[in-house]
Amino acid sequence: MGDQIQMSVAEIEALALAALIESGTLESNAAPLARAVATSERDGIPSHGLMYLATYCEHVRCGKVDGRAVPELHRQSPGSLIVDAQTGFAHPAIELGFPALIEAARENGIAGLGIRNSYNCGVLGYHTERLATAGLLGIGFTNAPASIAPVNGRSPVVGTNPISVAVPDGEDGSVILIDQSASVVAKSEIMKHARDGRPIPEGWALGPDGFPTTDPDLALQGSMSPAGGYKGVGMALFVEIMAAALSGATLDINASPFSGTKGGPPRTGQFFIAIDPAAFAGDGFASTIAELVQAITDQPGVRLQGQGRKAARRRSDRKGIAVDPATRSKIEALL
């Protein structure tokens, strides 16, 4: 690996946009995904940044995702919305649905948005934080191809299935941002170790024989270790109910992998709940959250969920974003 190069957020977004369009994605679909890729790099989450971009482009070219799909919004009731992604990217489908979701939450106090026939939505907290920026409590769920076996089982039945909660700060962002998967680590971290030829730490995954492994290739053939044992499996099932069953999307056991070219579109889903705090707690919500935050941050050495991303943003804006030249060259080769 050579010396890293520095890029700005705008440069990363422009590079991602160009690669997606060249691969056959409509600019209207590529733009929200390119912004998310750049934000992942800015927030210090490279596993969902430029590193993943080549996979996005590959999946457009092989037909796993339809880069030219036009998502459709359906209003089921005043507080319930569905967007059919039409086997396209999740980001433009979410982009279509969020304005209506935000409006519905403000009108009704609470509203839900289901996304079906979708694809990997990247960093889930990126989306819930947008709801917090609008002054709403944002809750998000997304399912993924099966990679976690049930307790005492060997065959994966549920995905890493993240959940995210973003609490508005009363200004223009989030004061708390919880974003975690049902597994010990995100599957993208094991994929990154496999690409780099590095072993994974013990406790991250099980091999196909059901025993713990530090070999990332065996881990990708086996199952992810659920966070907290049976509690992690329960969390994954909860997300499966919300993101797959409630959205009308595909179950994890029937979804094609997010990696490689095998299988057609995964047709996974997302579900978002937007809540207007004032509709339930009035003016007391902000002061209650402030008291909670202070009780946490007053303790030396403690970092509040979401603060790591904010610190990474400040560093990125001040110093630029370090990018591996090989990663950049791989993307430029697509142009």
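A: Happy to! Let's begin with exposure: buried means under 20% relative accessible area, exposed means over 50%, and partly exposed lies in between, with a 1.4 Å probe and protein chains only. This is a predicted model, where local features need pLDDT of at least 70 and side-chain atom pairs count only at pLDDT 80 or more, while totals for chains, interfaces and linings use all residues. Residues are numbered from 1 along each chain as its sequence is written, and side-chain values use heavy atoms, leaving out hydrogens and water.

A salt bridge here is a side-chain nitrogen of Lys or Arg within 4 Å of a carboxyl oxygen of Asp or Glu, and the whole structure holds nine of them. One of these joins glutamate 95 to arginine 130, at 3.3 Å from N to O. That pair links distant parts of the chain, 35 residues apart: glutamate 95 belongs to helix 4 (residues 90-108) and arginine 130 to helix 5 (residues 124-133). Helices are DSSP runs of H or I with at least four residues, and strands are runs of E with at least two, numbered from the N terminus. Glutamate 95 is partly exposed, at 30% relative accessible area, and arginine 130 is partly exposed too, at 27%.

Helix 5 also carries glutamate 129, whose partner arginine 313 is in helix 11 (residues 307-319), 184 residues apart.

Aspartate 196 and lysine 192 form another bridge, at 3.4 Å from N to O. Both lie in helix 6 (residues 187-196), four residues apart, about one turn of the helix.
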